[in-house]
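The structure comes first, then the points grouped by topic.

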Amino acid sequence: MIDTAIRFFSAQPPALIWGLAGVLGVLTLAVGVSALLPRLHPQKDYANLRQRIGSWWIMIVLLATALLAGWPAVTALFAVISFIALREFLSLAHMRPEDRLIVLAAYLTIPISYGFVAADIYGFYLVFMPVYVFMFLPFAMACIGQTRNYLPAASTFHWGLMTCVYNLGFVAMLMRAPNSEALPAGAAGAVFLLLAATEANDVAQYVWGKLTGRHKIMPKVSPNKTWEGFLGGWATSAALIWFAGPLFTPLSGMGLAILALSLPVAGFAGDVTMSAVKRDLGVKDTSALIPGHGGLLDRADSLIFTAPLYFHLLAYYGLEHF
Amino acid sequence: MRWLRRLAIVALFRPLARVFTGADIVGRERLPLKGPAILVANHASHVDTLLLLTIYPSRALDRVRPAAAADYFLKGALMSWFSRSILNIVPVARDRVATGEDVLAPARAALAAGDILLVFPEGTRGDGEAMTRLKNGVSRLAAAFPDAPVVPIWLQGAARVLPKGAAVPVPMNCTVLVGEPLKFGGDRAEFMAALKAALEALHAQAPPQRWA
């Protein structure tokens, strides 16, 4: 039993194991801090912080297990994530009762889109959602025959599918990079850095904003976001990607510099774009799925923007397969 | 048959509710775990009853019984069996009110036995938006058991998962909002007004539902 475990872990790329161990270390540290804070400030309530950290454990254990288990597990996990994200989005967006079955059809594109990931047919994956679903769903809506608010309804479906299914699917697609690629920590290592850098960027922007934030950056959309948070988070995440990049990705030099500079901006963009959507819909959280965090879309908003960017930069600068 | 009901709710309805509704719940700690107690909810879909059974803590599940129309739920052998064995309904013969029969007798017996009774005072499924007029039978039950807490519950979104008349359920997020328990104060009309206000206050807190 223990032998099998040791053999399994020693067969994994060392950088991935160290990376996961580092994340668990940071989380353990956070548990320590959250246990210490109530003693320093007994009058404050830290229940939300403890809840947030508790949820982080679950999310990280799920993602780490999937990464270690390989591409089928990551594909299945992200198909489920896409489903939950799309359900949150379609439940909050303006929907027409006539489109009930279109909602069902929209969900059915998830197994097809992820099916192309599982079958490793990158070309089909690329065009299925943005070209063919884009044409098919509006056609099906036309067949139903309700033309009132037709265009806003069709656009809403497409927006939800592109963000929740297509963009998030690139995480699973990246797992299909074969071992023959020059990936220093395998495909799982590359995906690990994407997830870690995206979440670290969220946290870094939040912490910089809390500590030094003065000047609001988008008061109409995200009143809590500041220039200091954005720039501090940008510098921190860019440094993290620049130094960790060579351990997890095939990038170096120019390619790595572009990744380090652009990924934090994409994360920020995803965050505020989803904030604008939520503000339009009149909600603060997209659901109550993740205690302390809100809905899945609240947590995955930056990943929706970073995943395709990370994928395409790796594909252009370092991967033969895509 | 208790084990079959538990198995159906835990192993079948719970995962189904997760997939089809997300089963978000606000105020779960306010659900009564001991009877007699009355849960009062708005009604828009068959999903309502199943959703409430799935979000209930397992240890109190055996006690939760939905009051349901006998003319609908005890029609046909299969439906009857499902209603009695799995849902464990308390039948209400709403079609025999005019005959002067005491149609709430089974509900009173259930409360006397310490059950947690789930009541949909609208009497039928609505369109999932505003509530229709509340029938005041629930106030008679509350008057008969003045110490039983009456817990208002708003179920948001079930009409989109499975509206009245639809055959195919479609996954959409639902939110269950559990309010503070009310106690019967002595006046039935006042009690009904307080109940309606409590339900509408919960409705106002529910996530928006743009379905038009």
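B:Asp102 is partly exposed, with a relative accessible area of 39% (buried is under 20%, exposed over 50%, partly exposed in between, with a 1.4 Å probe and protein chains only). Its salt-bridge partner is B:Arg108, at 2.9 Å from N to O; a salt bridge here is a side-chain nitrogen of Lys or Arg within 4 Å of a carboxyl oxygen of Asp or Glu. B:Arg108 is partly exposed as well, at 25%.

The model is predicted, so local features need pLDDT of at least 70 and side-chain atom pairs pLDDT 80 or more, while totals for chains, interfaces and linings use all residues. Residues are numbered from 1 along each chain as its sequence is written, chains are lettered from A and ligands numbered from 1 in the order written, and side-chain values use heavy atoms, without hydrogens and water.

**Salt bridges**

- Over all chains the count is 16 salt bridges.
- B:Arg6 and B:Asp62 pair through their side chains at 2.4 Å, N to O.
- B:Arg6 belongs to helix 1 of chain B and B:Asp62 to the loop between helix 2 (47–55) and strand 3 (64–69), so this pair ties together parts 56 residues apart in sequence (helices, H or I of at least four residues, and strands, E of at least two, are DSSP runs numbered from the N terminus).
- B:Arg6 is partly exposed at 41%, and B:Asp62 is partly exposed at 21%.
- B:Glu29 bridges to B:Arg30, with the closest N and O atoms 4.0 Å apart; B:Glu29 is exposed at 65%, whereas B:Arg30 is partly exposed at 27%.
- In chain A, a network of salt bridges links A:Glu199, A:Asp202 and A:Arg299.

**Interface of chain B and chain A**

- The contact (heavy atoms within 4.5 Å) involves 21 residues of chain B and 25 residues of chain A.
- About 1800 Å² is buried between the two chains, 56% of it from carbon and sulfur atoms; buried area is the accessible area (1.4 Å probe) that two parts lose on being put together, summed over both.
- On the chain B side, B:Asn173, B:Arg210 and B:Trp211 lose the most area to chain A, together 34% of what that side buries.
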